[in-house]
Amino acid sequence: MHYAKIASKVREQIIKFSGELSATWPKVARRFLAEVIYGIQARQSVHLTEIARALGEKIALKKTQYRLSRQLGRDDLSRRVLNGLCRMGAGRVEKKTLLIMDISDIRKKYARKMEHLACIRDGSEKTLANGYWTIAVLGAEVETTSLVPLYGSLYSQESPDFLSENIEIHRAIRKVSQATEKKGIWVLDRGGDREDIFNHLLQNRLSFIVRLKSTRNLISRGGEYSVLELAMSCPLPYAERIVRQEKGKETIYDLRFGARSVSLPGRREPLTLVVIRGFGQEPLMLLTDLRVSRSRKSLWKILQSYLTRWRIEE
């Protein structure tokens with residue numbers, strides 16, 4: 001009885017969520033979305049056969065599977081889901097909410113004939129493999145575990161519609177920024193360290209914290225220098241100890257951190273380079289357009305924002 005009550009409540013929540021997500025959809029499409037979300041949760045699988053089994057309809061399994069497959073073929077399905085998800089999540093984004101973008105991959109190890117199957121770099125096994133690239137944007141607050149899904153897309157460089165990865169990233173930023181009215185702080189890993197991305201963020205006045213590659217050059221005190229050179233010579237007046245979960249184990253890091261004023265080559269906007277030593281041989285280098293004082297509290301907030309991204313990945 002206890003499990004039946006839990007199942008009933010979960011189903012009610014799924015129906016409520018799917019109903020809000022698909023409020024403007026046709027009736028048949030709304031039903032399809034609710035069934036798919038329930039089936040995925042119930043069977044912990046995205047296979048249509050498993051979803052069909054979860055529904056338990058009093059017809060042949062293949063008939064249910066065929067009906068789901070036909071609905072899945074809707075041309076506007078992906079767009080409708082994305083619009084609804086972004087609209088629902090945007091209401092929970094405030095000025096200081098972190099907009100964490102993750103550029104990742106899905107490996108299809110045994111696939112041979114899937115549509116537009118592409119060569120990707122498996123981030124887990126550090127090898128080349130067949131699969132697809134993905135972009136996800138999640139909203140989060142510093143030091144919390146609550147997440148707000150805002151955007152998700154899958155793309156392939158083998159698709160005839162594909163133009164470039166930068167355009168895919170621009171599309172994600174533009175979609176979320178429009179829905180949130182430019183609120184939030186974009187947090188990107190080293191994959192976001194690109195001239196094209198920085199130009200897009202700065203031109204649209206979007207706040208950001210981006211981890212830099214060691215090959216980046218910055219302007220400081222009228223000259224252009226390697227970011228690694230600037231980081232190695234940066235004063236680090238503050239110290240902090242943190243504990244990070246890594247592969248199920250706790251690792252202690254003794255950190256030292258500081259900052260210096262910089263700008264990007266070819267641009268005049270004042271930026272801040274926050275430098276943290278203690279994670280490895282090379283310093284962790286974060287570039288932000290946020291107004292940062294040289295106080296411990298101000299710099300620690302920038303580091304905490306980036307560490308929130310790490311915590312979510314783990």
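Predicted model: local features only at pLDDT ≥ 70, side-chain atom pairs only at ≥ 80, totals over all residues.
Glutamine 44 lies in the loop between helix 2 (27-43) and helix 3 (48-55). The protein has 9 helices and 12 strands. Its C-alpha atoms fill a box of roughly 75 × 50 × 40 Å along the principal axes. Of the 314 residues, 42% are buried.

**Backbone: positive phi**

- Most residues other than glycine have a negative phi.
- Glutamine 44 is exposed, because its relative accessible area of 65% is over the 50% cut-off.
- Glutamate 181 also has a positive phi of about 55° and is not a glycine.
- Glutamate 181 sits in the loop between helix 6 (165-180) and strand 5 (185-188).
- Glutamate 181 is exposed, at a relative accessible area of 66%.

**Salt bridges**

- Side chains of opposite charge can pair when their charged atoms come close.
- The structure holds 18 salt bridges.
- Arginine 43 and glutamate 50 form one of them, at 2.7 Å from N to O.
- Arginine 43 is partly exposed, with 38% relative accessibility.
- Glutamate 57 and arginine 67 form another, at 2.6 Å from N to O.
- That pair links distant parts of the chain: glutamate 57 is in the loop between helix 3 and helix 4 (61-72), and arginine 67 is in helix 4, 10 residues apart.
- Glutamate 57 is partly exposed at 23% relative accessible area, whereas arginine 67 is buried at 16%.
- Arginine 309 and aspartate 102 meet in a salt bridge at 3.6 Å, N to O.
- This pair also links distant parts of the chain: arginine 309 is in helix 9 and aspartate 102 is in strand 1, 207 residues apart.
- Arginine 309 counts as buried, because its relative accessibility of 3% is under the 20% cut-off.
- Aspartate 102 counts as partly exposed, at 29% relative accessibility.
- Shared partners join the salt bridges of Arg31, Glu35, Glu57 and Arg67 into one network.

- Helix 5 has 14 residues and reaches 20 Å from its first C-alpha to its last, close to the 20 Å expected at 1.5 Å a residue.
- The buried residues of helix 5 are Leu77, Leu82, Gly84, Leu85, Cys86, Gly89 and Ala90.
- Helix 9 (residues 296-313) has 18 residues, so at 1.5 Å a residue it should span 26 Å.
- The end C-alpha atoms of helix 9 are 26 Å apart, which agrees with that expectation.
- The buried residues of helix 9 include Leu299, Trp300, Ile302, Leu303, Tyr306, Leu307 and Trp310.

**Positive patch**

- Lys95, Lys96, Arg291, Lys297 and Lys301 form a positive surface patch.
- Lysine 95 is in the loop between helix 5 (77-90) and strand 1 (98-107).
- Lysine 95 counts as exposed, with 69% relative accessibility.

**Alanine 129**

- Alanine 129 is placed in strand 3 (residues 127-140).
- Alanine 129 is buried, at a relative accessible area of 9%.
- The C-alpha atoms of alanine 129 and alanine 179 are separated by 35 Å, and the two residues are 50 residues apart along the chain.

How values were computed. Residues numbered from 1 in each chain as written. Heavy atoms only, no water. Patch = residues over 30% accessible without salt bridge, like charges linked within 9 Å, V, L, I, M, F, W, Y side chains within 5 Å. Areas by Shrake-Rupley, 256 points an atom, 1.4 Å probe, with all protein chains shown as cover. Salt bridge = Lys/Arg side-chain N within 4 Å of Asp/Glu carboxyl O. Lys, Arg positive; Asp, Glu negative; His and termini not counted. Charge placed at Lys NZ, Arg CZ, Asp CG, Glu CD. Helix = DSSP H or I, 4+ residues; strand = E, 2+ residues; numbered from the N terminus. Buried < 20%, exposed > 50% of the residue type's maximum accessible area, 1.4 Å probe, protein only. Expected span 1.5 Å × (residues − 1).
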